[in-house]
Amino acid sequence: MVGSCIGVCSTCKSGSALQWGPRLHTFISRGQIGRSALVQLMNTTDINRTKDIGIGKRRYINITAVSGGGRRMRPTVNAAAIETLQKGIAEFYDESSGIWENVWGDHMHHGFYEPDSSVSLTDHRSAQIRMIEEALSFASISDDPPRQIVDVGCGIGGSSRYMAGKYGARCQGITLSPVQAQRAQALAAAQGLDDKVSFQVADALNQPFQDGQFDLVWSMESGEHMPDKTKFVNELARVAAPGGMIIIVTWCHRDLSPSEESLRPEEKELLNKICNAFYLQAWCSTADYVKLLESLSLQDIKAADWSEYVAPFWPAVIKSALTWKGITSLLRRWKTIKGALAMPLMIEGYKKGLIKFAIITCRKPES
Ligand code: SAH
């Protein structure tokens, strides 16, 4: 008998299609939608499911769809898994944002470094501001200053306050972390910007905004957390005003070559380890983002690989974590320690050309 099922793995939390049949994965119990099923993975090359249990071992999955025809089904994203992931993201940032701010200030993103520039390679705060400036200029925003901005995945609001100050624009930030939203608002008040910027806890996949509200939709290093990239990009496009710009700066995996169907097993394994530490679920490539934007008929789509410009960032973060202040802050917080331990993996991913630091921008059509 041959069949397939879409499940969410209880260990790695990723959703994917599993198949069963004579030469495929064997199900001990087929289970029902909404139930857990015990499966035995017999002959799988899917490293996500075999790396820590070994081929032939058993594992529980949550069944979200079942088909009996042996067709390969498209992976779906399970609501319960998203809820668990988002709770993890909120707790991770609740726990780590204070430490980060102490050492790095109010921008929780990579710096943009250029060997020949006037910004010194050790001046990380300037490099982080430079990242914002480079992104705005890549999208030619300065030609047409925005008035209404949404900061999707706002952290403690560094980008929002910076752009409110720069353009006099009204900025609304959303984050999953209540601690971040509160801190972002307090910093805005301290800087006299609270009439311009506001922050709230809300989901980027289900934004609390009307259609067409913002002439700049800004997502600085939040896309990597999104379990459903299609929904994410749809929401960005929905809240963008006609003619509005969308800027996504995010971690991607390398583009696949025409002969490849997926990343290599060892590459998937490395990304998986990073997922666990940083509460990510679904990596995609820059080309995947471009395809998504094209499918929504967005215009002036541009993308670039900025990996070389961010190379000094993770070594610097590791160095700061190894200072006395860094170590004593880390020791109190388990989720943050897990993140810190994954930093060398990010460096490895960049060095191997597997992880790409990407910017993707586009414009919503006027009508
Ligand atoms: N853009 C900020 C913070 C980047 S850290 C900066 O540059 O400083 C990633 C941010 O994405 C965090 O604030 C986290 O809460 C947010 N995030 C992740 N998933 C999200 C989701 N589904 N909805 C809203 N925010 C999300």
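In this predicted model, the charged end of Lys302 sits over the ring of Phe138, 4.3 Å from the ring centre. Lys302 also has a place in a sheet: Thr361 in strand E12 is its bridge partner. Thr361 stands opposite Ile247 as well. That makes Lys302 a handy way into the rest of the fold.

**The sheet around E12**

Seven strands form an open sheet with mixed pairing, in the order E8-E7-E6-E9-E10-E12-E11. Which strands stand at the edges? They are E8 (197-201) and E11 (299-305); each has a single partner strand, so one side of each is left without a neighbour in the sheet. On average, neighbouring strands here are turned by 15° against each other, direction ignored. Helix H8 (residues 286-295) packs on this sheet, where it touches E10 (240-253), E11 and E12 (355-363). The direction of H8 makes about 15° with that of E12.

In general, the strands of a sheet pair through backbone hydrogen bonds, either parallel or antiparallel. Both senses turn up here, as the table shows.

| Strand pair | Sense | Bridges |
|---|---|---|
| E6 and E7 | parallel | five bridges |
| E6 and E9 | parallel | three bridges |
| E9 and E10 | parallel | six bridges |
| E10 and E12 | antiparallel | nine bridges |
| E11 and E12 | antiparallel | five bridges |

Asp151 stands opposite Gly173 in E7, and Ile149 stands opposite Leu216 in E9. Further along the sheet, Phe214 has Ala240 in E10 as its bridge partner.

How enclosed are these strands? Of the seven residues of E9 (residues 214-220), six are buried, so this strand is largely enclosed by the rest of the structure. E12 is mostly covered too, with seven of its nine residues buried.

Is Gln172 buried or exposed? Its relative accessibility is 14%, and because the cut-off for buried is under 20%, Gln172 counts as buried. Leaving aside residues up to four places away in sequence, Gln172 touches Gln148, Ile149, Val150, Asp151, Ser198, Gln200, Phe209, Gln213 and Phe214.

**Aromatic rings**

How many aromatic pairs does a search of the whole structure find? The search finds 15. One of them joins Phe112 and Tyr309, which are stacked at 4.6 Å centre to centre with 20° between the planes. This pair links distant parts of the chain: Phe112 lies in the loop between helix H2 (79-104) and helix H3 (124-138), while Tyr309 belongs to helix H9 (residues 307-310), 197 residues apart. Their surroundings can be compared by accessible area. Phe112 is buried, with a relative accessible area of 3%, whereas Tyr309 is partly exposed at 21%.

There is also an aromatic cluster to find in the viewer. One cluster is formed by Phe92, Tyr93, Trp100, Trp104, Trp251, Phe278, Tyr279, Trp283, Phe313 and Trp314.

Helix H2 and helix H5 (residues 178-190) have axes that come within 7 Å and cross at roughly 40°.

Towards the end of the helix numbering, H13 (residues 343-351) has Met343, Leu345, Met346, Ile347, Gly349 and Tyr350 as its buried residues. As a general point, an α-helix has 3.6 residues a turn, so residues three or four places apart point the same way. After H13 comes Gly353, whose phi is positive, near 75°.

**The whole protein**

Stepping back, the protein has 13 helices and twelve strands. Of its 367 residues, 53% are buried. Among contacts with a separation of 6 or more, 71% are between residues 24 or more positions apart.

Notes: Residues are numbered from 1 along each chain as its sequence is written. This is a predicted model: local features need pLDDT of at least 70, side-chain atom pairs count only at pLDDT 80 or more; totals for chains, interfaces and linings use all residues. Side-chain values use heavy atoms; hydrogens and water are left out. Buried means under 20% relative accessible area, exposed over 50%, partly exposed in between (1.4 Å probe, protein chains only). Helices (H or I, at least four residues) and strands (E, at least two) are DSSP runs, numbered from the N terminus. Rings of Phe, Tyr and Trp (its six-membered ring) pair if their centres lie within 6.5 Å; planes under 30 degrees apart count as stacked, over 60 as edge-to-face and the rest as tilted. A charge sits over a ring if NZ of Lys or CZ of Arg is within 6 Å of the ring centre and within 35 degrees of the ring normal. Axes are lines fitted to C-alpha atoms, for helices over the stretch in contact, and angles run from 0 to 180 degrees between N-to-C directions. Two strands pair if DSSP finds at least two bridges between them. Contact means heavy atoms within 4.5 Å.
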